[in-house]
Every structure is written in structure tokens, then in C-alpha cells.
Amino acid sequence: MGDVVNREVLVVSHTHARALEARAELEQQLKAHGITVRAAEEIDLPDDAGPVSQPAWLSGVEVAVVLGGDGTILRAVEMVRGTDVPVVGINLGHVGFLAEFDVAEIADVVSQIARRDYSVEHRMTIDVQAFTPDGAVHHAWAMNEATVEKHRPERMIELAIGVDGRALETFGCDGVVLATPTGSTAYGFSAGGPVVWPDVAALLLVPLSALALF
């Protein structure tokens, strides 16, 4: 089987019955190739959404395999954030935009991992800093999108938009979606934004019910 000594794979799955059944099959096949399975249940995510360094518990993990829909894949991405561990999704959800494989292809996934026959595709993420009037700075991070939304439903908010420190536009609206190309198929798409190919170096700004003649 080649050099498979001390190789580890992180397995993240949804908790419904179909996912657990598929997970059992995946883990059995990985172990048959001499690959150690690391369970996602062992992991506690940090509360701080700011910059992170590689967690010690991920040392030795080669790849994370996710069984579920896009939500489960995003959860796995949060787990490996700050590392160079790639994530591959096996779709068990309704749409599965982020998944590369279907559940019927588990054997193919395991075979490619065992042979190290895969390439890694890098995706853009968003780093968010929110400055409040009291001087506090709040940090957040997202693979899909960040939103600015109104607090009171009966009123619009007035937004001033700038890019690279240069003023662009002002308008009233219910909010805006700031999306990565990966996130263009999520909230941004449902709000009327375009779908963008994942490797495009761009961010989307999609207004929500803007009172403006764009």
C-alpha cells in the first residue's frame, strides 16, 4: 500500500443517521489503508475569532474529510483555521456547493488520499473588524460572507462604502452582504448577487433593498 505509516485524517460529520452510516464506512476504509482517524468530537474551538496559530492537536493531520452539507463543511473549515490542513467535502446535504464528492464516491475519496493523488485549491476568506463608538474593536472571520444589517426593522440604515480608503458610494438600505467568491452562492446569491468562480480575486458587495438607482 506504499508509505502510509503515521498518516492521520480528521473526520467531521453531521449527526443525522445517514451521515453517521457514511462516516462508519469512511472510517473503516481509511483504517483498511493504515490511516489513523481523528474524530472531530475531540475538538473545542476557541471563542476568539481573531488571528489564530496552528492548534497543537492538528499536528500530523494530513487532510480533513467532511460528511454533510455546506454548513458542516464551514464548521470543519473553522476547525482547521490557521493551519495548512485541506478540507474535502462529501455531500450529504441539499445543495452542497462546497462539496467535491457525492456519498457514493467514498471509496474514491479514500483511494485518492491513500495514494496522495490530490491537489489543494486555495479559497479567499474575509477578516472583519468592527469599531464601536466606545472605542472597542470586535473581530470576526468568515469563508462565505459578512453582513451589515439594520437593528430596527422599521428604519433603513445609511451606509458609506469605500474601497482601499477611497469613497465609492452612499445609500440607504436594509444592509449589505460582503461575500467571497466561495460565498457568492450563499446569502449574496439569494440577495440578487452574481455567482463568481472560486479562484477570482474579488469581493462582492451586494446591497439589501437599497434605495438607490445603481
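N91 counts as buried, at 15% relative accessibility (buried is under 20% relative accessible area, exposed over 50%, and partly exposed in between, with a 1.4 Å probe and protein chains only). The model is a predicted one, so local features need pLDDT of at least 70 and side-chain atom pairs count only at pLDDT 80 or more, while totals for chains, interfaces and linings use all residues. Residues are numbered from 1 along each chain as its sequence is written, and side-chain values use heavy atoms, with hydrogens and water left out.

Back to N91: this residue is found in strand β4 (residues 87-91). Helices (H or I, at least four residues) and strands (E, at least two) are DSSP runs here, numbered from the N terminus. Leaving aside residues up to four places away in sequence, N91 touches G68, G69, G96, A99, F101, D102 and V103, where contact means heavy atoms within 4.5 Å.

Now for the charged pairs. Side chains of opposite charge can pair when their charged atoms come close. Seven salt bridges turn up in the structure, each being a side-chain nitrogen of Lys or Arg within 4 Å of a carboxyl oxygen of Asp or Glu. One of them joins R38 to E8, with the closest N and O atoms 2.5 Å apart. This pair ties together distant parts of the chain, since R38 sits in strand β2 (residues 36-39) and E8 in strand β1 (residues 8-13), 30 residues apart. R38 is buried at 15% relative accessibility, and E8 is buried too, with a relative accessible area of 19%.

Another salt bridge brings D174 and K150 together, at 2.9 Å from N to O. Here again distant parts of the chain are linked: D174 is in the loop between β10 (166-173) and β11 (175-179), K150 is in the loop between β8 (145-149) and β9 (157-163), and the two are 24 residues apart. D174 is partly exposed, with a relative accessible area of 26%, and K150 is likewise partly exposed, at 25%.

The side chains of R115 and D117 also meet in a salt bridge (2.7 Å, N to O). D117 is partly exposed, its relative accessible area being 40%.

Then there is the backbone. R116 is not a glycine, yet has a positive phi of about 55°. R116 lies in the loop between α3 (106-114) and β6 (126-131) and is partly exposed, with a relative accessible area of 43%. S209, also a residue other than glycine, has a positive phi near 50°. S209 falls in the segment after β12 (204-208) and is exposed, with a relative accessible area of 55%.
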